[in-house]
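This report looks at annotated sites and at one pair of packed helices. The structure is shown first, and the discussion follows.

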Amino acid sequence: MRKNIVAGNWKMNANANAASELIKNLKKSDFSETTEVIIAPSYTNLAIANELITGSSIELSSQNMHESDRGAFTGEVSAEMLKSVGVTYVILGHSERRAIYKESSELLKSKVDQALKNDLKPIFCVGEELKDRKDENHFKVVKNQLSESLFHLSSEQMKNIVLAYEPVWAIGTGETASPEQAQEMHAYIRKLLSDQFSSEIANGISILYGGSVKPGNAKDIFANKDVDGGLIGGAALKAEDFTAIINSFE
Ligand SMILES: O=C[C@H](O)COP(=O)(O)O
């Protein structure tokens with residue numbers, strides 16, 4: 001049985017004080033034990049977050065990671081460094097990394113391999129841009145993103161991947177995919193996983209939806225059978241809203 005997961009991607013928000021405050025408020029919140037809760041603060045806040053989440057069920061994720069073990073890569077952070085401050089997940093392939101930092105499928109494939117080699121679980125993001133959807137290319141785009149960075153993995157490795165479908169046109173725009181559009185793409189992704197790996201693998205992988213998820217729309221999105229939770233941006237920055245989203249499963 002796959003897990004329901006709600007992950008908060010804080011992006012480049014919250015200094016050390018704000019991050020501590022947010023985590024303290026989250027710890028006071030009453031959220032469902034059956035949903036796995038993950039937070040992804042910026043690099044500078046990971047160590048403090050790790051201390052603050054001790055004794056809670058909250059898991060820690062990084063927003064990015066370098067693909068090499070170590071070396072002369074000024075400004076970069078390795079998997080081993082992340083592990084040393086209690087990180088268990090790493091977001092890879094976010095559309096902001098793909099678009100702004102030109103991260104290619106090939107690079108993301110290396111990052112996925114590096115994460116798995118270091119026992120970090122990738123939250124691997126896929127999603128089409130508005131133009132792709134208008135041109136009815138959205139399925140093809142998502143299929144390529146998955147196959148180019150993940151389909152070389154073994155079934156055993158694939159079990160450690162969490163997927164996030166984030167239509168780029170819905171990120172931070174207030175516009176959400178309809179519950180039907182989300183379900184349609186999630187079912188398509190699960191079918192691809194079944195064809196490439198097995199139905200057992202496909203049914204065991206959590207596929208999260210991301211893109212303007214809020215307390216007011218989370219219930220309708222999470223009610224779909226192939227939507228196993230959310231990757232939340234803006235609404236993860238308020239403990240009250242994030243908690244309401246976590247508690248939005250039927
Ligand atoms: O990683 C999170 C997504 O980019 C969604 O962001 P958003 O909830 O602010 O639209």
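## The annotated active site

Glutamate 166 is buried in this predicted model, since 26 other C-beta atoms lie within 10 Å, and a residue counts as buried if there are 20 or more. Glutamate 166 is placed in the loop that runs between strand E6 (162-165) and helix H9 (179-196). When neighbours within four places in sequence are left aside, glutamate 166 is in contact with Ser95, Cys125, Gly127, Ile171, Gly210, Gly211 and Leu231.

An unreviewed UniProt entry lists His94 and Glu166 under "active site". The two span 73 residues in sequence, yet their C-alpha atoms are not more than 8.3 Å apart, so they gather at one spot. Histidine 94 belongs to the loop between strand E4 (89-92) and helix H4 (95-100), and histidine 94 is also buried, having 28 other C-beta atoms within 10 Å.

## The annotated binding site

Under "binding site", the unreviewed UniProt entry lists Asn9, Trp10, Lys11, Gly172, Ser212, Gly233 and Gly234. Although these residues span 226 residues in sequence, no two of their C-alpha atoms are more than 13.9 Å apart, so they gather at one spot.

Not counting residues up to four places away in sequence, serine 212 touches Ala170, Thr173, Gly174, Glu175 and Thr176.

## Packing of H1 against H2

Two packed helices are described by the angle between their axes and by the distance between those axes. Helix H1 (residues 16-28) packs with helix H2 (residues 46-53) at an angle of about 25°, and their axes are 10 Å apart. Because angles under 35 degrees count as roughly parallel, H1 and H2 are roughly parallel to each other. The crossing in which H1 passes H2 is right-handed.

On the H1 side, the contact is made by Ala16, Ala19, Ser20, Ile23 and Lys24, while H2 contributes Ile48, Ala49, Leu52 and Ile53. Sorted by class, this contact of H1 with H2 has seven nonpolar residues, one polar residue and one charged residue.

Methods
Residues numbered from 1 in each chain as written. Predicted model: local features only at pLDDT ≥ 70, side-chain atom pairs only at ≥ 80, totals over all residues. Axes fitted to C-alpha atoms, helices over the stretch in contact; angles between N-to-C directions. Helix = DSSP H or I, 4+ residues; strand = E, 2+ residues; numbered from the N terminus. Parallel < 35°, antiparallel > 145°, perpendicular 65-115°, else oblique. Left-handed = near helix turned anticlockwise from the far one by under 90°. Contact = placed C-beta atoms within 7 Å. Nonpolar A, V, L, I, M, F, W, Y, C, P; charged D, E, K, R; others polar. UniProt positions renumbered as here; feature names shortened; annotations may be inferred. Buried ≥ 20, exposed ≤ 12 C-beta atoms within 10 Å, placed from the backbone.
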